[in-house]
Amino acid sequence: MSLDAARSIMAGARSIAVLTGAGISAESGVPTFRGPGGLWREYRSEDLATPDAFHADPRLVWEWYAWRRGLVARARPNAGHLALAALEGRSPSFALITQNVDGLHALAGSRSILEIHGSLWRTRCLVCGAVSEDRKSDPDRIPPRCPCGGLLRPDVVWFGEALPEDLLVRSIAAVEACEILLVVGSSGIVQPAASFAEVALSRGIPVLEINLNPTPLTARATIALQGRSGELLPRLIS
Ligand code: BJW
Ligand code: ZN
């Protein structure tokens with residue numbers, strides 16, 4: 001019943017915004033941050049994805065990223081990523097805001113992607129600020145160095161760091177302008193992305209959540225579909 005209601009809202013929407021989180025890539029074999037599989041060695045992601053962790057032990061943090069690069073390099077987009085790419089192709093106005101750094105939306109063929117937490121496949125120099133594409137995951141070469149001699153860090157957004165201003169502004173504008181917001185596979189606890197659904201709801205814009213488990217958004221969402229995004233998204237848009 002909820003799926004039918006969701007399908008009819010989707011069918012009438014000319015402007016769609018989507019926020020994705022780690023759950024959409026789970027069926028591609030990419031571990032989520034929280035819940036089962038959210039641990040790497042004995043560390044929690046919350047303890048590694050911080051500037052303090054990097055300054056204390058850049059090699060340790062790079063080992064975590066090298067491990068994740070290795071996993072993601074072998075991963076392929078799943079039916080959920082592909083459904084969103086197909087949805088974009090037939091929507092007059094579409095924005096895909098992703099918290100994921102894995103690049104799987106682009107591999108699936110999505111175009112209008114706002115990677116608000118950065119990319120696993122870029123580095124940034126702590127000294128000269130140069131941003132470069134880098135697809136290596138060789139643990140012998142970490143922590144990597146810039147040609148200027150500076151230490152390179154992953155070009156991602158860690159806790160306590162500001163999101164790129166232009167991406168944040170464009171994301172909020174897309175949420176405010178859409179006729180429906182889909183929130184897919186996110187635990188909804190990491191700000192500021194977690195507040196995007198409230199931005200929509202406060203303007204009377206319906207919010208459709210797709211998640212395997214209940215989240216803080218579930219009770220507030222206009223429609224909440226519980227299940228795997230790789231199964232529900234293709235049914236939603238077919
Ligand atoms: C499935 C599924 C399937 C599984 N199908 N579903 C206001 C209040 C309180 C705190 C704050 C606040 N504002 C800022 C903060 C602090 C902090 C924060 O939010 N902390 C909370 C934990 C409380 N936020 C920040 O620090 C942010 N910065 C900021 O706001 O700066 C302000 C500032 C301004 C000016 C100057 C300076 C500062 C930055 C947050 C950056 C988050 N970074 C990370 C790492 C990115 C790089 C990397 O990947 O290594 O982003 S942390 C990690 O969490 C990653 C994710 O993108 C993010 C969100 O996780 P996500 O995607 O929701 O994944 P999970 O694992 O949590 O959930 C997966 C979900 O999928 C689950 O619900 C499953 O059920 C579901 N699922 N399989 C469907 N098959
Ligand atoms: Zn440099």
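**Figure 1. Salt bridges in the predicted model.** The count comes to 14 salt bridges. A salt bridge here is a side-chain nitrogen of Lys or Arg within 4 Å of a carboxyl oxygen of Asp or Glu. This is a predicted model: local features need pLDDT of at least 70, side-chain atom pairs count only at pLDDT 80 or more, and totals for chains, interfaces and linings use all residues. Side-chain values use heavy atoms, without hydrogens and water; residues are numbered from 1 along each chain as its sequence is written, chains are lettered from A and ligands numbered from 1 in the order in which they are written.

**Figure 2. Arg 14 and Glu 179.** Their side chains meet in a salt bridge (2.7 Å, N to O). The pair links distant parts of the chain, 165 residues apart. Arg 14 sits in the loop between helix H1 (2-12) and strand E1 (15-20). Glu 179 sits in the loop between helix H8 (165-177) and strand E9. Helices (H or I, at least four residues) and strands (E, at least two) are DSSP runs, numbered from the N terminus. Arg 14 is exposed, at 54% relative accessibility. Glu 179 is partly exposed, at 28%. Buried means under 20% relative accessible area, exposed over 50%, and partly exposed in between (1.4 Å probe, protein chains only).

**Figure 3. Asp 155 and Arg 124.** A salt bridge (2.5 Å, N to O) joins these side chains. Asp 155 belongs to strand E8 (residues 152-156) and Arg 124 to strand E6 (residues 118-125), 31 residues apart. Asp 155 is buried, with a relative accessible area of 11%. Arg 124 is partly exposed, at 26% relative accessibility. Both belong to a network of salt bridges that also links Glu 115 and Arg 122.

Figure 4. Strand E10 (residues 207-211) is mostly covered: five of its five residues are buried. Val 207, Glu 209 and Asn 211 point one way, Leu 208 and Ile 210 the other. In a regular strand the side chains alternate between the two faces of the sheet. Strand E9 (residues 180-184) pairs with E10 in the parallel sense over four bridges. Two strands pair if DSSP finds at least two bridges between them. Val 183 stands opposite Glu 209 in E10. Four bridges also join E10 to strand E11 (residues 223-226), and these two strands run parallel. In E11, Ile 223 is the bridge partner of Leu 208.
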